[in-house]
Amino acid sequence: MTAVRHHTIEVQGLPVFYREAGDPTRPTLVLLHGFPSSSAMFATLMHDLGDDFHLIAPDHIGFGRSAMPQAGEFDYSFDKLTEITEGLLDALGIDRFTLYIHDYGAPIGLRIAAAHPERVTAIITQSGNAYLEGFTPFWDILFAHAKDRAANEPAVRQLLEADATRWQHLHGVPDDRKALVNPDGWTLDQAYLDRPGNKEIQLQLFWDYQFNLDGYPAFQKYFAEHRPPVLITWGEHDEIFGADGARAYLRDLPDAELHLLDAGHFALETHGPEIAALIREFLARTGS
């Protein structure tokens, strides 16, 4: 297993933490995490793939070990998180890369891909939504919150508590794989959420998520016009981003490779070796 290295670099005056594995001369994978996680979700995958690839996994601002300015001191929007991610890649001199997008990582990564298609060699999406079909009833309260924050904030705050975080990691996991889900994952996620001021950050990002949907036509146009190689490794039982969101990619990318796994939202926790093998085969076949 390849060692994972840990770094912090300043981007726009803010410390950005990232994990790195592998030889920088090899093809690069940029791994973008979602809510309520951090780059820690990719640690095992980085060990597994670091012998053949160069991997970079940053913590978004407000997450993990990156800077966490208070909600009133930073523009917590997906546009801004994208800007920081681009700044990190530029600072590291990473010009061409495969994107691995999960959850919040999708609107960040796909903004980069649509704006700079020449930089993205391939995309791996694990519950990284880009179509309206992917939204499940889980989102009803979040979209209500987007329209009326004050009225819906008490209900939305429940998504930031320990029971909800544990559920995110365990829902959709088949009984024979539940023992593979490391409880340290949801414990670490919750510890980061429980930092003073972090819940206000997450509420702001919940509200801002509505504007990601405005970008979907541009993402889909990018898919149809540029036809990047795409590997879809999606938990079939994900109750946050449903399997219909995975299938929808085939509308614009009929050559995409679709794998619906017997898993939930955090499919890497239960199907890490399978996903690593699929990535190796996919990147070797596409030459990405």
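Predicted model: local features only at pLDDT ≥ 70, side-chain atom pairs only at ≥ 80, totals over all residues.
Residues are numbered from 1 along each chain as its sequence is written, and side-chain values use heavy atoms, with hydrogens and water left out.

Let us begin with helix H2, which covers residues 78-91 and has 14 residues. Helices here are DSSP runs of H or I with at least four residues, strands are runs of E with at least two, and both are numbered from the N terminus. From its first C-alpha to its last, H2 reaches 20 Å, close to the 20 Å expected at 1.5 Å a residue; the expected span is 1.5 Å times one less than the number of residues.

Which residues of H2 are buried? They are Phe-78, Lys-80, Leu-81, Thr-82, Ile-84, Thr-85, Glu-86, Leu-88 and Leu-89. Buried means under 20% relative accessible area, exposed means over 50%, and partly exposed lies in between (1.4 Å probe, protein chains only). After H2 comes Gly-93, with a positive phi near 70°.

Now for the charged side chains. Side chains of opposite charge can pair when their charged atoms come close. The structure holds 15 salt bridges, each being a side-chain nitrogen of Lys or Arg within 4 Å of a carboxyl oxygen of Asp or Glu.

One of them joins Asp-52 to Arg-280, with the closest N and O atoms 2.3 Å apart. Asp-52 sits in the loop between helix H1 (43-49) and strand S4 (54-58), while Arg-280 belongs to helix H11 (residues 267-286), so the pair ties together parts that are 228 residues apart in sequence. Asp-52 is partly exposed at 33% relative accessibility, and Arg-280 is partly exposed at 24%. Both also take part in a network of salt bridges that includes Asp-51.

Another salt bridge links Arg-247 and Asp-244, with 2.8 Å between the closest N and O atoms. These two residues are three apart in helix H10 (residues 243-252), so about one helical turn separates them. An α-helix has 3.6 residues a turn, so residues three or four places apart point the same way. Arg-247 is partly exposed at 37%, as is Asp-244 at 46%.

Finally, look at Asp-175 and Lys-178, whose side chains meet in a salt bridge at 3.3 Å, N to O. Is Asp-175 buried or exposed? Asp-175 is exposed, with a relative accessible area of 66%, whereas Lys-178 counts as partly exposed at 40%.
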